Structure formats: structure tokens, C-alpha cells
Amino acid sequence: MPKETKVWDGVVDPDTKALKLGFEQLSDSELLAIVIRTGSAGHNAAELASLVLSHNGRQLLNLYDMDVAQLMRLPGIGRTKALQLKAVAEAAKRLSRSKRQPKMHFDEAASVAAYYMEQLRHEQQEKLIASFFDAKGAFIGDACVSIGSLSRAIVSPRDIFRTAIRNNACFVSILHNHPSGDPTPSGEDDEATRRVAACGSLLDIPLLDHIIIGDNTFFSYYES
């Protein structure tokens with residue numbers, strides 16, 4: 001007897017559809033169903049995918065916004081499925097950075113902002129990252145220096161330059177996100193930039209830029 005073929009909205013199941021038409025032809029729900037694989041608690045994989053996407057109307061952004069505990073509160077999403085979904089979100093962020101790193105130039109704010117955009121624009125708290133460059137302007141690494149509240153990050157020049165020296169950096173850029181999505185700098189951002197720049201001048205590790213990441217937009221002190 002031939003194996004029964006599952007039907008998905010009038011089309012064969014997502015696995016077969018992906019193999020025949022390509023993954024780019026799958027809907028968001030179909031992609032998640034492949035990751036989730038099996039149903040549970042009275043819901044099939046398709047229904048579980050729809051539950052994840054429909055929560056708060058955030059669609060795929062729920063994979064960034066929700067932590068493991070929050071995902072597990074959805075009917076049918078246990079620890080294993082929640083971990084799988086969070087792993088997909090993290091892999092997407094890292095893939096985006098890997099593709100953009102060869103195009104990043106220390107003196108081009110847009111290329112630096114693009115490299116960190118997916119990492120920072122979904123954060124619900126302000127996060128401060130220091131990015132380090134060698135004498136030729138080549139990227140040599142970065143570090144998360146602080147994580148703040150919903151509205152401010154704690155900027156510590158000591159932590160920034162201690163890490164810069166450990167990485168043998170000759171130049172530093174700092175970046176932080178605004179969870180509101182609006183990258184317009186605040187008075188606190190202005191003051192933090194002045195403090196970090198002054199410390200960098202004393203240590204002969206110049207601050208190249210302070211970039212504020214919004215939702216697919218950014219502000220650069222250097223360009224301004």
C-alpha cells in the first residue's frame with residue numbers, strides 16, 4: 001500500500017514542498033512546522049507553528065522576543081520545541097553577521113551598523129557592544145560591555161578599554177540599541193560618548209564612532 005501523502009493547504013506536506021519547490025516557497029508557518037516536526041497536546045505541527053506566529057501579532061519576531069519559558073507557556077510547546085525555536089533564531093542572527101563581516105569597514109558607519117543590526121534591533125533591553133579594530137582598520141572582535149534596563153545601558157569606559165587592551169585594539173567603536181526602535185540620541189547618550197571619547201584619547205585608542213541601533217535604522221555620531 002502506498003504511503004499516505006499529507007496535504008498542507010491543498011499542497012503536499014512542507015518537507016515535500018521544500019524539496020520540490022525550494023525552501024523560499026514555504027510560508028513562515030510551513031518553515032516553523034518543519035522545525036517543530038511533530039505535534040503535541042492535541043495540536044499538529046501546523047497548528048503549533050500558527051500558535052507561535054500569532055502570539056501578540058509579532059509573527060517570526062516572536063522567535064527573538066520570547067524566551068524559552070515564554071514559548072513553553074504556549075499550548076503544545078514543551079522544552080525541546082522551545083529550544084529548537086530559539087536555536088533557529090540564534091542561527092539566523094549569526095548567519096546574518098557572518099554574511100556581513102567581509103563587508104564591514106571601520107570607517108563606514110553603515111557597514112558596522114548592518115553587521116550588528118539583527119543582533120541588536122530585537123533586544124528588549126539596551127545592550128552596549130564594543131567593537132575592536134587593529135592598526136589597519138581590520139575587525140578583530142567585539143564584546144558585550146553592559147546590559148541596561150528598558151531605557152538605558154550602563155556605560156563604563158573602564159570596561160570598554162580594559163577589553164580593548166586585552167584584544168590589542170588600536171581603534172574602538174561602541175554600539176547600543178534603543179528598544180523603542182528610534183535611534184535618536186538622548187542627552188545621556190551624548191554624555192556617554194564624550195566620556196568614552198575622552199578616555200580613548202588619553203589611552204591612545206581612539207573612539208571611531210558611537211552607533212545607536214533602532215529598528216532597521218541607526219544613528220552615527222561620527223557621521224553627524
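Select Arg194 first. At 51% relative accessibility, Arg194 counts as exposed (buried is under 20% relative accessible area, exposed over 50%, partly exposed in between, with a 1.4 Å probe and protein chains only). This is a predicted model: local features need pLDDT of at least 70, side-chain atom pairs count only at pLDDT 80 or more, and totals for chains, interfaces and linings use all residues. Residues are numbered from 1 along each chain as its sequence is written, and side-chain values use heavy atoms, with hydrogens and water left out.

Arg194 forms a salt bridge with Glu191, the closest N and O atoms being 3.2 Å apart (a side-chain nitrogen of Lys or Arg within 4 Å of a carboxyl oxygen of Asp or Glu). Both sit in helix α9 (residues 187-203), three residues apart, so about one helical turn separates them (helices are DSSP runs of H or I, at least four residues; strands are runs of E, at least two; numbering starts at the N terminus). Glu191 is partly exposed, at 38%.

Next, select Asp215 and Arg121. Their closest N and O atoms are 2.5 Å apart in a salt bridge. Asp215 lies in the loop between β6 and β7, and Arg121 in the loop between α7 and β3, so the pair ties together parts 94 residues apart in sequence.

Zoom in on β5 (residues 171-177) and β6 (residues 207-213). They pair in the parallel sense over six bridges. Pick Ser173 in strand β5. Which residue stands opposite Ser173 in β6? Asp209 does. Ser173 is buried, with a relative accessible area of 1%. Leaving aside neighbours within four places in sequence, its contacts (heavy atoms within 4.5 Å) include Ile129, Phe133 and Leu207.

Last, select Asp15 and Arg37. This salt bridge has its closest N and O atoms 3.1 Å apart. Asp15 is in helix α1 (residues 14-21), while Arg37 is in the loop between α2 (28-36) and α3 (45-54). Asp15 is partly exposed, at 30%. Arg37 is partly exposed too, at 47%. The count comes to seven salt bridges.

Definitions and conventions: Pairing = 2+ DSSP bridges.
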